[in-house]
Amino acid sequence: MGNGWHEWPLVLFTVLGQCVVGGTIVTGGAWLACGRNSEQQQRIVRAMFFLWVLMGAGFIASMMHLGSPLRAFNSLNRIGESALSNEIASGSLFFALGGFWWLLTVLGKMPAALGKLWLVVTMLAGLVFVQAMTLVYQIDTVPTWYTGYTTLGFFMTVLLGGPLLGATLLSAARYRGKTSRLALVSVLALLVSIGAALMQGVSLAAIASSVQQASALVPDYGMLQIWRMVLLVLGLACWIVPLVRRSQPQTAVLATGFVLVVVAEMIGRGVFYGLHMTVGMAVAG
């Protein structure tokens, strides 16, 4: 029993990876919307550097979990057969596509038409990466993970952290487009996350094995989820309150909000790993 913090490398990898996917979609969409405003596009591209820094940090954390980089390469031997291999392969593809797109674009070596297509492919690769992550944990012998809450939770992190990360980078790039609709997406994701946390908490009481009750795996489930939701609300408030006041959110305030959201989702992901239930036979009532 515990709160899953012993899996902190995976907590970092999954949360940061999902936030980067969302941030890439937001900043990439803004880059595409700029059209022929090459100066604005270049500012956005320079700000997108931090996406790949975070993604690199996530991959470094994942390698620490595997023990050595060599094991990461060995895990690619079963692409198409192993969910873990698919996750690493799709994540590496997303990282490579995005990294090379960024490098060629910031150097001015990327043809305009190819750059747009490449960026769209990178966004789609990011979504495939998140889906591949969810499949790693869809294990029928782990009933606490083998539910729709796993997939929902991973994609909610994309919608909670990604838009705020994107808004932070766009603010740093002095982008003047509207982000209020993106904020609404995150608010809706927050409401869905609150509902999912409540429903999952109830469903845990119906999962048990001959020796273990799922609800006992993380005794502080309710309190941890409350802390998570409080931090999510505070983080999103850093973005939404200025918008409600019809003022431009400051980059530093947005960055603070993003950090709060990341900490919140790390708490939630820690709970997720704490709910790992190693059973041979389970009973779901």
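Before the details, the ground rules. The model is predicted, so local features need pLDDT of at least 70, side-chain atom pairs count only at pLDDT 80 or more, and totals for chains, interfaces and linings use all residues. Residues are numbered from 1 along each chain as its sequence is written, and side-chain values use heavy atoms, with hydrogens and water left out.

I start with helix 1 and helix 7. Helices here are DSSP runs of H or I with at least four residues, strands are runs of E with at least two, and both are numbered from the N terminus. The axes of helix 1 and helix 7, residues 148-172, come within 6 Å and cross at roughly 50 degrees. That makes the two helices oblique to each other. On the terms: axes are lines fitted to C-alpha atoms, for helices over the stretch in contact, and angles run from 0 to 180 degrees between N-to-C directions. Under 35 degrees counts as roughly parallel, over 145 as roughly antiparallel, 65 to 115 as roughly perpendicular, and the rest as oblique.

The crossing of helix 1 with helix 7 is right-handed. Right-handed means that the near helix is turned clockwise from the far one by less than a right angle, and left-handed means anticlockwise. On the helix 1 side, the contact is made by V15, Q18, C19, V20, G22, G23, V26, T27 and A30. Helix 7 brings F154, T157, V158, G161, G162, P163, L165, G166, A167, L169 and L170. Contact means heavy atoms within 4.5 Å. By class, these residues are 12 nonpolar, eight polar and no charged. For the classes, Ala, Val, Leu, Ile, Met, Phe, Trp, Tyr, Cys and Pro count as nonpolar, Asp, Glu, Lys and Arg as charged, and the others, Gly among them, as polar.

Helix 1, residues 8-33, also meets helix 5, residues 83-106, where the axes come within 12 Å and cross at roughly 40 degrees. Helix 1 and helix 5 are therefore oblique, and their crossing is left-handed. F13, V20, V21, T24 and W31 of helix 1 touch E87, F94, W101 and T105 of helix 5. That contact holds six nonpolar, two polar and one charged residues.

Next, helix 9 and helix 10. Their axes, for residues 221-244 and 251-274, come within 8 Å and cross at roughly 160 degrees. Helix 9 is therefore roughly antiparallel to helix 10. The crossing of helix 9 and helix 10 is left-handed. From helix 9 the contact includes Y221, R228, C238 and W239, and from helix 10 it includes V253, E265, I267 and V271. By class there are 16 nonpolar, four polar and two charged residues in this contact.

Now the cysteines. How many disulfides does the model have? The count is zero, where a disulfide is a pair of cysteine sulfur atoms within 2.5 Å. For C19, the closest cysteine sulfur is in C238, 15 Å away, so the pair is too far apart for a bond. C19 counts as buried, because its relative accessibility is 1%. Buried means under 20% relative accessible area, exposed over 50%, and partly exposed in between, with a 1.4 Å probe and protein chains only. C34 is also buried, at 14% relative accessibility.

Leaving aside neighbours within four places in sequence, Q41 is in contact with W31, C34 and G35. Q41 counts as buried at 11% relative accessibility.

R174 sits in the loop between helix 7 and helix 8. R174 is not a glycine, yet its phi is positive, at about 60 degrees. Its relative accessible area is 47%, so R174 is partly exposed. R246 is in the loop between helix 9 and helix 10, and its phi is also positive, near 60 degrees. R246 counts as exposed, at 80% relative accessibility.

Where is A205? A205 is in the loop between helix 8 (180-204) and strand 1 (207-208), and it is exposed, at 52% relative accessibility. Apart from neighbours within four places in sequence, A205 is in contact with Q213 and S215.
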